[in-house]
Amino acid sequence: MTKNILLINSGEEKMKLLFDLFSELSQKEYCFYLLSSKKPLFEQFQEKKWSAKKINLGPTIKNKIYLFIFILLLPWLYCKLLIILFNYKFNKKITTIILFDWSEKILATPLAKIIGLKIIWIENPNCRYKQLKIKNFYKLLANFATLVVFNSDNKTQLKNFGFKEKNILLIHPAIKFNQYQENIFNNLAQTNGKNFHNKYFTIGAIANFKQKQKIETLLQAIKICLPVVPNLQLIIVGNSLERKSLSWLAKKMEIDSLVWFIDEQTQIKKWLDSFNVYVVTAELPELEDYYNILGAMASSLPIIGPLNVGLEEVILENKTGSLIASGNSEMLASQIIKLHEDKKLCQQLGADGRERVQQFFTLDKIVDKFMAILK
């Protein structure tokens, strides 16, 4: 019998890392519905031919004024959402609800509990629980849900914050590894790219400019590297909204001829194939960043990322890459120079990273775990 799941996501998270998981589950008698106000999520759902409807769950909580407005609207929002949930439970036969953003967890959890739905919270890896609004209410509602976290750092934060450990489930992020399998076309691309790699040592990054990035640190590191690595170039794939200011900064630093800003691409794999090293620029990585990091590792790239932000289980020091203090351009430059000068080390880190993804971070590793939650 088909099990129907309702997803509510009113935040900015694109859920790319989870979409492959939902696709696998949809092949195992699970059906997904979406409520969201975000166009990118609608587009992703439409690509999968899943049902999506628009919903407005009040203002995004950015400051005390928005929080006050949200609280003021609570009675109306509760009534509105209760009617919607009743419709999905009795007309669509929904059994489980999966919640992503802070506001919908506050709104939907007590209502879902009342009408007998199973409740799952997806915890974003970049969440800092000390900064949550209405902390005690959030913690109280968490007693009715299963909290899915993607690294041990988040699990520890939740435990220290007073959440019940029995409600917290750690599921490591995962990707569809076969998307990065070697084939005749990849081999041909690598053969044609040999001259390219001999000419340039390419540092690559995929940035989400909606969150805080350390692009300036990366640009400073590139400038520091130049006397030692004259054939260096930097490619940053991401939203073009910040291109003007970043291009101006690169020009001011006199490295604009070595830096390329590329609009966000749907086919990230082709950019990963042109990199020699992948640098994580996010100050606090989100699910989207994990997806890109694992893709870079599956593409046999050594990874340089920030320390103490939950990446320790993915990036192993001196085995698949390196973790350094966030914002330290000199340390970043030192790692880049090290990888440039030791080609064997660069290749070995990339190979070990690919093997690590294959062993621990492939989609089949988490499908069974997630099915167990849904049951």
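**Helix packing and cores**

Analyst: The axes of helix 13 (residues 329–341) and helix 14 come within 5 Å of each other and cross at roughly 105 degrees. Axes are lines fitted to C-alpha atoms, for helices over the stretch in contact, with angles from 0 to 180 degrees between N-to-C directions. Helices (H or I, at least four residues) are DSSP runs numbered from the N terminus. This is a predicted model, in which local features need pLDDT of at least 70 and side-chain atom pairs count only at pLDDT 80 or more, while totals for chains, interfaces and linings use all residues. Residues are numbered from 1 along each chain as its sequence is written, and side-chain values use heavy atoms, with hydrogens and water left out.

User: What is the orientation of helix 13 and helix 14 to each other, and which residues make the contact?

Analyst: Angles under 35 degrees count as roughly parallel, over 145 as roughly antiparallel, 65 to 115 as roughly perpendicular and the rest as oblique. Helix 13 and helix 14 are therefore roughly perpendicular. Contact means heavy atoms within 4.5 Å. Helix 13 contributes Lys338, Leu339, His340 and Glu341, and helix 14 contributes Lys343, Leu345, Cys346 and Leu349.

User: How do helix 12 and helix 14 cross?

Analyst: Their axes come within 7 Å and cross at roughly 120 degrees, so helix 12 and helix 14 are oblique to each other. Leu294, Met297 and Ala298 of helix 12 meet Gly350, Gly353, Arg354, Arg356 and Val357 of helix 14.

User: How many residues of helix 12 are buried?

Analyst: Buried means under 20% relative accessible area, exposed over 50%, and partly exposed in between (1.4 Å probe, protein chains only). In helix 12, 12 of 12 residues are buried, including Glu288 and Asp289. Helix 12 is followed by Ser300, whose phi is positive, near 65 degrees.

User: What span should helix 12 have?

Analyst: The expected span is 1.5 Å times one less than the number of residues. The 12 residues of helix 12 should therefore span 16 Å, and the end C-alpha atoms are 17 Å apart, which agrees.

User: Which residues have the most contacts inside the largest nonpolar core?

Analyst: A nonpolar core is a set of buried Ala, Val, Leu, Ile, Met, Phe, Trp, Tyr and Cys residues joined through side-chain atoms within 4.5 Å. The largest has 59 residues, and Phe22, Leu25, Ile122, Tyr278 and Phe370 have the most contacts inside it. Helix 12 (residues 287–298) supplies the largest share of this core, 8 residues. A second, separate core of 38 residues includes Leu85, Tyr88, Ala108 and Phe161.

How values were computed: Helices (H or I, at least four residues) and strands (E, at least two) are DSSP runs, numbered from the N terminus.
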